[in-house]
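Here are some notes for a colleague opening this structure for the first time. Please read them with the model on screen.

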Amino acid sequence: MAFTAFLTDATICIGCKACEVACKEWNEVPEDGLVLSGFSYDNTQALGASTWRHVLFLEQPEVAGPQTADTKDPFRWVFLSDVCKHCANAGCLESCPTGAIVRTEVGSVFVQPDVCNGCGYCVVSCPFGVIDKRPEDGRAFKCTFCYDRQKAGLVPACAKACPTQSIQFGDLEELKQRGKNRVQELQDRGYRDARLYDPQETSVGGIHAFFVILGEPEAYNLPPAPQVPTVHLKSAWTSALISAAVLFAIICAAFAV
Amino acid sequence: MPGLGTTYGRGGATAAPNDLLNSDAILIMGSNMAENHPVGFQWVIEAKERGTKVLHVDPRFSRTSAVANIWVPLRAGSDILFLGGLIRYVLENNLFFREYVVHYTNASVIIPEDFKDTEDLEGIFSGWNAEKKTYDAKTWLYEGVDSDKRATPEGCHGGHVEEGLDAMPDLSRYHQDLTLQHPRCVFQLLRKHFARYTPEMVERYCGVSKDAFLHAAKTFCTASGPDKTGAICYALGWTQHSSGVQMIRCAAILQLLLGNMGRPGGGILALRGHASIQGSTDVPTLYDILPGYLSMPKFGEESKTLRNYIDKYSSRTGWWHNLDKYIVSLLKAYYGESAQPENEFGFHWLPRVTGDHSHQGYWLDMLDGKMDGLFVMGQNPAVAGPNSGMERRGLGKLKWLVVREMVETETASFWYESPEVKRGELRTEEIPTEVFLLPAAGHAEKDGTFTNTQRLLQWRQKAVAPPGDSRSENWFMYHLGVLLREKAKRDPRPRNAGLLALKWDYTIEGEHREPIAEEILQEINGYTVPNHELVPGFTALKADGSTACGCWIYSGVFPKLGENRANQRAAKGFYGHGWGFAWPSDRRVLYNRASARPDGNPWSERKKLVWWDFESKKWTGLDVPDFTATKPPDYQPPEDAEGDAGLAGDKPFLLHGDGFGWIWVPVGLNDGPLPAHYEPLESPVRNPIYPKRQTNPAAQAKSRPGNEYATSPDARFPFVMTTYRLTEHHTAGGMSRTLSHLAELQPEMFCEISVELAKDLSITPGEWVTIITARGAIEAHALVTPRIQMLTIEGKPVHHVGVPFHWGYSGLVKGDIGNDLIAISEEPNVRIMETKGLLCNVIRGKRAGNLEAIGELRKGLE
């Protein structure tokens with residue numbers, strides 16, 4: 001089976017949150033708090049154990065650039081549906097001591113709920129802050145990429161529900177190309193700050209959920225250079241070994257004197 | 001929907017959302033389409049991707065504005081000034097589509113000398129009766145039409161206490177000037193009428209800069225001509241004003257001037273907010289129309305005999321000549337064998353309209369103790385009704401109340417949970433109302449149809465059985481009818497005769513004895529009486545009692561046994577024929593004869609839709625022609641030809657007696673043949689166009705204790721309040737605040753205010769504020785945002801306060817009720833309340849801490 005991916009396009013998202021609801025309905029994800037955030041229309045606020053799609057509402061002043069190429073609006077209001085990136089080198093998967101987190105044949109990263117023991121190592125290992133533990137349950141949860149639907153030949157629930165095709169689902173390489181073409185097209189149409197969020201040259205080794213955004217990725221809580229914590233293993237172990245060797249030498253020296 | 005109904009002939013969206021792909025410009029005004037119609041909005045997004053210019057004119061920067069090319073903020077309630085400005089812009093810059101206007105509209109028709117415009121009479125048209133506060137529309141008729149046959153509202157929405165017998169005037173006898181130069185032709189009257197709606201006036205009173213107005217005007221008004229089209233989308237942001245129908249009329253006039261009606265990518269989309277709101281006026285839940293937009297008979301001479309009724313409402317020329325067939329077939333469907341020529345097919349069993357029985361009218365009656373009981377189905381008036389605090393008090397005066405719902409809504413629980421009870425203003429033990437809450441089946445638990453925005457009937461299958469005692473509406477109405485008829489049999493009073501005469505023989509099946517929904521759709525489609533064969537369409541209906549039909553415009557949806565066209569699922573071609581059934585006769589774009597030149601050829605290759613095939617001598621094209629298929633483009637009617645044969649081959653608006661699109665409405669509206677700007681019932685400014693007529697003279701404020709108004713302007717209530725919905729919730733919240741996955745997305749009541757207003761009032765984002773109007777006071781969190789902009793009107797700042805109305809006192813998430821702030825009022829044609837532009841004040845803190853200030857503000861209200 002070929003690897004699959006999401007391409008989420010902020011330039012045609014209308015912030016309806018149908019993806020959030022479809023995801024929860026299909027995957028039986030519980031409610032995530034009935035609290036008014038006060039931040040624009042974003043009461044979901046962040047991805048978490050009980051929020052696997054999150055529509056971000058970005059209110060920016062005029063200086064950020066126009067939302068539509070020829071608009072004269074004094075500000076812009078951009079919507080983006082965030083989701084697990086299903087990294088090629090996934091921090092959560094690498095840190096999971098029980099083997100609960102596995103890579104599937106469609107390239108996605110899947111948490112097996114019957115194996116997870118709730119240690120939480122994955123939570124701190126995700127460079128995007130996606131995976132989290134559900135307090136009342138103890139285990140870690142995140143987007144399954146609708147693995148069950150994909151196995152049955154169906155499109156993930158969020159992409160299926162999106163009315164404007166802001167969320168597209170398909171073959172990884174094809175979607176990556178489609179994302180690049182889209183950005184080129186947007187720039188040709190005057191959206192000078194359009195860009196594809198698909199960090200390369202980082203230890204994450206590529207992501208399976210790309211985003212077409214306007215402006216800097218940081219504004220969307222997307223790290224410009226995400227790193228998998230395990231890249232620090234080599235230097236950490238090296239320093240530990242050197243420290244141990246130095247300590248051993250000092251101890252030996254102490255006895256030798 | 002008399003705004004579209006009078007201008008074009010039918011009260012429905014004239015095209016389908018997917019046709020927006022053909023538009024060169026889309027004007028969205030009076031609607032927040034992205035938020036309230038997100039699924040239909042996919043076509044706007046796709047059109048924009050293909051280069052269509054999208055304009056959003058709205059006081060708030062919403063999710064629609066965010067993705068529009070142009071957002072124009074304007075003062076709520078100043079829409080007719082803005083739209084009148086567009087009409088003037090088109091006329092002054094010669095941007096109108098002359099050939100279309102001359103042939104397809106009544107622009108050339110001459111109006112008699114005794115007509116006087118609002119420009120002559122300082123804000124009223126001729127025919128005004130100051131005592132009754134109504135118009136006599138005699139002088140609005142065309143020159144040449146016998147004005148002794150006085151004009152009376154056609155089709156719908158009259159509701160006068162007693163109606164005289166005046167036959168429908170013969171509108172085919174008009175005089176015209178095809179050069180459009182005659183000083184009394186509609187075109188010149190229109191030019192004069194809107195001459196003062198200048199860009200400067202728009203800037204000063206709508207708060208739209210001249211540059212922004214001209215940019216928007218140029219962008220939309222150049223989407224016109226043989227090669228281009230533009231579409232207009234609106235929703236309740238126009239409807240819910242005291243001049244709402246005339247706002248829609250402005251748009252309808254604009255589309256006629258630009259030649260955008262009946263053509264691909266043109267038209268007006270009346271966006272419907274619920275799954276079957278279009279259906280609820282087609283087969284109406286309204287008091288003043290019968291199925292298929294036949295008028296409900298009114299008490300008086302007009303309904304003394306069936307003949308009188310037919311004379312009054314049918315026309316000599318045009319499609320309404322067939323009204324006798326439709327009313328008789330309807331009576332046959334209602335009364336079956338009991339309906340015979342000897343008893344005028346049971347016409348006398350139909351109830352008569354004796355007064356204002358609209359929602360507003362009967363709620364005031366309820367408050368006055370004139371009503372005993374009420375059935376509430378598919379509505380939650382304790383939250384959704386205007387001045388809902390007063391409506392809840394009305395509920396408390398009933399003897400009994402039946403609520404059929406999927407959940408216990410605020411309407412069912414008002415007697416122990418309402419704010420009035422909580423605050424001790426009402427005591428549960430003193431409320432006499434006996435409340436029956438009956439469980440209703442959800443839409444996935446019953447068979448039936450939805451009729452959606454584009455007049456499309458779509459069948460839906462029952463997916464699961466309803467739980468417990470929950471039942472469908474069909475089940476409830478059928479069995480209620482059976483029980484009432486049983487009761488009536490034991491009571492010989494004459495008033496029960498109609499009930500006993502009803503044909504009430506639906507087949508029931510299954511354990512719950514459920515009526516078969518398809519059988520009801522067959523009855524709506526119509527059948528021949530002698531052998532019960534389904535009719536292929538409304539042209540087969542007869543006036544002699546040999547056919548029965550439940551709703552003539554739906555006829556053709558079930559042409560033969562086994563062929564439920566609402567259940568078709570094989571879409572073909574751009575317009576998707578073969579998926580569902582669009583009334584009438586599966587026409588997807590109404591008045592599509594206008595997509596061809598008068599000679600029958602398409603206006604252009606790019607915009608072709610329906611055209612005359614000179615070889616086969618038939619109308620053909622990409623849609624079902626909305627025209628008699630074999631009537632040639634050069635057909636001229638003989639002098640005395642009647643009905644459709646009385647209209648020429650170049651007259652696309654076939655429901656009208658003259659076949660024209662009506663820039664000028666000679667018959668059918670209660671507040672004028674042309675739109676005129678009046679201020680909302682509460683406004684921060686005086687009417688700049690007609691200083692002596694602040695508000696729509698024919699609108700009714702229904703002022704009374706508990707339903708008071710601020711003055712215009714009013715120092716106590718300096719801000720403009722506008723109510724609205726959010727994507728995340730469904731109307732009064734009964735179907736969304738009860739579901740965690742929706743409730744969590746917008747969990748608390750809030751209001752939206754500008755950064756400037758927050759600064760003026762020292763409000764910090766998120767804090768509690770109290771919003772006060774002359775009717776009530778509620779509390780909400782303040783969402784401070786640049787999406788609400790301060791506008792400059794007459795050189796002074798005007799602030800808007802945005803109030804969503806989804807919350808109530810039941811459900812997972814609760815909050816104060818926005819509609820407590822609204823007044824019960826009536827627009828003159830459809831009797832809808834004004835919700836979009838009233839006055840309010842805002843003070844910091846929760847309601848309970850502000851009682852003194854609220855009392856101070858409301859002191860001295862009449």
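Strands pair if DSSP finds at least two bridges between them. Keep that in mind for the bridge partners named below. The model is predicted.

1. Begin with strand S1 of chain B, residues 25–29. On one side sit Ala25(B), Leu27(B) and Met29(B). On the other are Ile26(B) and Ile28(B). Both faces are therefore covered, because a residue is buried if 20 or more other C-beta atoms lie within 10 Å of its own, and these residues are all buried.

2. Next, the neighbours of S1(B). Strand S2 of chain B, residues 53–57, runs parallel to S1(B), joined by 5 bridges. Ile28(B) has His56(B) as its bridge partner in S2(B). Strand S6 of chain B, residues 230–234, also runs parallel to S1(B), with 4 bridges. Here the bridge partner of Ile26(B) is Ala231(B).

3. Now chain B as a whole. It holds 25 helices and 31 strands. Its radius of gyration is 26 Å, close to the 29 Å that the globule rule gives for 862 residues, so chain B is as compact as a globular protein of that length. The C-alpha trace spans about 75 × 70 × 55 Å along its principal axes. Of the 862 residues, 58% count as buried. Take the contacts in chain B between residues at least 6 apart in sequence: 71% of them join residues at least 24 apart.

4. Strand S14, residues 456–460, pairs with S21(B) over 2 bridges. Leu457(B) stands opposite Phe581(B) in S21(B).

5. Where is Pro494(B) found? It is in the loop between helix H20 (473–489) and helix H21 (497–501) of chain B. Pro494(B) counts as exposed, because it has 6 C-beta neighbours inside 10 Å.

6. S9(A) and strand S10, residues 209–214, pair in the antiparallel sense over 4 bridges. Ala194(A) has Leu214(A) as its bridge partner in S10(A).

7. Last, the contact between the chains. How many residues does the contact take from chain B and from chain A? It takes 34 residues from chain B and 30 residues from chain A. On the chain B side, helix H3 (41–49), helix H4 (63–67), strand S3 (70–72), helix H23 (740–743) and strand S27 (777–784) each supply at least two residues. The largest share, 4 residues, comes from H23(B). The residues of chain B that touch chain A divide into 20 nonpolar, 9 polar and 5 charged.

Definitions and conventions:
Residues numbered from 1 in each chain as written. Chains lettered and ligands numbered in written order. Predicted model: local features only at pLDDT ≥ 70, side-chain atom pairs only at ≥ 80, totals over all residues. Rg over C-alpha atoms; globule rule 2.2 N^0.38 Å. Buried ≥ 20, exposed ≤ 12 C-beta atoms within 10 Å, placed from the backbone. Contact = placed C-beta atoms within 7 Å. Nonpolar A, V, L, I, M, F, W, Y, C, P; charged D, E, K, R; others polar.
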